[in-house]
Amino acid sequence: MLNGNEMAYVEECINTGWVSSKGKFVNKFESMFSSLHNNLPSVSTSSGTTALHLALESLGVGKNDEVIVTALTFAATINAVFHCGATPILVDVGEDSWNISANTVEGFITNKTRAIIIVHLYGQPCNITQFRQLADKYNLLLIEDSAEALGSTYNGDLVGTHGDASIFSFFGNKIITTGEGGMVLFKDEEVANKAVILRDHGMSKNNRYWNEVIGYNYRMTNIQAAIGVAQLECLENFIELKLGITERYISAFSNIDIKIQKKHPESVNSSWLFGFIINSRMDKLVFMDQLKKMRIETREFFHPLHMQPAYAKFSKGNKFNNSERIANHGICLPSSSGLSLSDQDYIIEQVISIYNK
C-alpha cells in the first residue's frame with residue numbers, strides 16, 4: 001500500500017537529480033532500519049536475494065561448505081547458497097509450525113556444515129533460542145531469512161536481531177516495499193563494512209574506483225530508498241492492519257475443517273500472508289479455481305525444493321513428508337493491508353460457501 005510520503009520523497013529525488021545509488025535517502029533508510037533493529041549495522045541491497053547472497057559472502061561461506069536450508073521456502077533461499085559456491089542440505093519442516101526445528105537440523109550437521117539458514121515462513125518465527133544455542137554449540141553461522149517476517153517478534157525482540165546476519169525483502173508484495181530491494185543486518189560491524197565493499201563492486205571506501213576485491217553491483221537506488229523511508233514511516237499501521245485481517249480470517253474459519261500455522265507461544269507473527277491447509281480429501285486446485293471464478297485471487301504454497309528439477313539431487317534420498325503434505329494442500333488468501341472490511345467479508349463468505357459445498 002503506497003499512501004504515505006512516497007510521491008513527495010520520489011519527487012525530491014527527481015528534482016535534486018539524486019536518482020541512482022547515491023543520495024540522502026539510502027543512508028536514511030539504512031539508519032531507520034538499524035534504529036528499528038537494536039542499532040545493528042544495516043546494508044541496503046537491490047533485492048532480498050542479493051541480500052542473502054551478500055550476507056553469505058560477507059561471512060565467508062563458500063566452496064566446500066555445507067549450508068542447512070529448509071525444504072519449504074522460495075527458491076531464492078537455496079539459490080543464494082549456490083551463488084556463493086556452497087552446498088545446500090535440505091531439511092523437512094515441522095508438521096504444525098511449517099518451519100524447520102533445531103532438533104531435526106542437528107541430525108544433519110557434519111564437519112562440513114558452516115551455516116544454518118532459518119526461514120521465518122509466512123512471517124512465523126522459528127524457535128530462535130534453540131537455533132542460537134545449536135549454532136553456538138557447533139560453532140556455526142546462523143542466518144535469519146526474514147524476507148517475509150518484518151515486524152514479527154520472538155521473545156519480545158524483532159526477528160532479524162538474533163542471527164550473525166539477517167535479511168529482508170522489499171518486493172512489491174511484502175509488508176513494506178521499494179518495488180524491488182532488500183536489507184542485511186549484521187551482528188559484527190566489520191562484516192558489515194566488508195559487505196558494503198562487496199556490494200559496491202569491491203571498491204575501496206576511501207579510494208574511488210580502486211578495487212580491493214571482486215565485488216558485485218547490489219546497490220539500492222535513492223528512489224527505491226525514498227519509497228522505503230516513506231513505507232517505514234507507515235510500518236506500525238501496516239502491521240496493525242495485517243494482524244487485523246489474520247484475526248478476522250481465523251475467527252471466521254474456526255468452524256470449518258482447515259489447519260493454520262501453529263505459532264510459537266513466545267512469538268508474534270506480523271502476518272505477511274495468511275495461509276491454511278484444506279482437508280486432504282478436497283482438491284486444492286478445484287477449490288482455488290472456484291475462488292478465482294468469484295474474482296478472489298489465491299496462491300499455492302511454495303513447492304518443496306526437493307521436488308523441483310533444479311534442486312532434486314540435493315534431497316539425498318531423505319523424506320520430506322511434512323513439506324509435501326503442507327504444499328499439496330496449502331492455499332494463501334489475499335492479505336494485503338489495503339483490503340477493506342467489505343473485501344474481507346466477501347472473501348470469508350465465499351471461502352466458507354465453497355468449503356461447505
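Strand E5 (residues 141-145) and strand E8 run parallel and are joined by 3 bridges, strands here being DSSP runs of E with at least two residues, and helices DSSP runs of H or I with at least four, each numbered from the N terminus. Two strands count as paired if DSSP finds at least two bridges between them. The model is a predicted one, in which local features need pLDDT of at least 70 and side-chain atom pairs count only at pLDDT 80 or more, while totals for chains, interfaces and linings use all residues. Residues are numbered from 1 along each chain as its sequence is written, and side-chain values use heavy atoms, with hydrogens and water left out.

On its other pairing, E8 is joined antiparallel to strand E9 (residues 182-186) by 5 bridges. Serine 166 of E8 takes part in both pairings, as the bridge partner of glutamate 144 and, towards E9, of leucine 185. Because 5 of the 5 residues of E8 (residues 165-169) are buried, the strand is largely enclosed by the rest of the structure; buried means under 20% relative accessible area, exposed over 50% and partly exposed in between, with a 1.4 Å probe and protein chains only. Ala165, Ile167 and Ser169 cover one side of E8, and Ser166 and Phe168 the other.

A separate topic is the open sheet of 3 strands, ordered E7-E6-E11 with antiparallel pairing. Its edge strands, E7 (157-158) and E11 (267-268), each pair on one side only.

| Strand pair | Sense | Bridges |
|---|---|---|
| E5 and E8 | parallel | 3 bridges |
| E8 and E9 | antiparallel | 5 bridges |
| E6 and E11 | antiparallel | 2 bridges |

Helix H10 (residues 284-293) and helix H12 (residues 341-356) have axes that come within 10 Å and cross at roughly 135°, the axes being lines fitted to C-alpha atoms over the stretch in contact, with angles from 0 to 180 degrees between N-to-C directions. Phe287, Gln290 and Leu291 of H10 meet Gln350, Val351, Ile354 and Tyr355 of H12 in this contact, where contact means heavy atoms within 4.5 Å.
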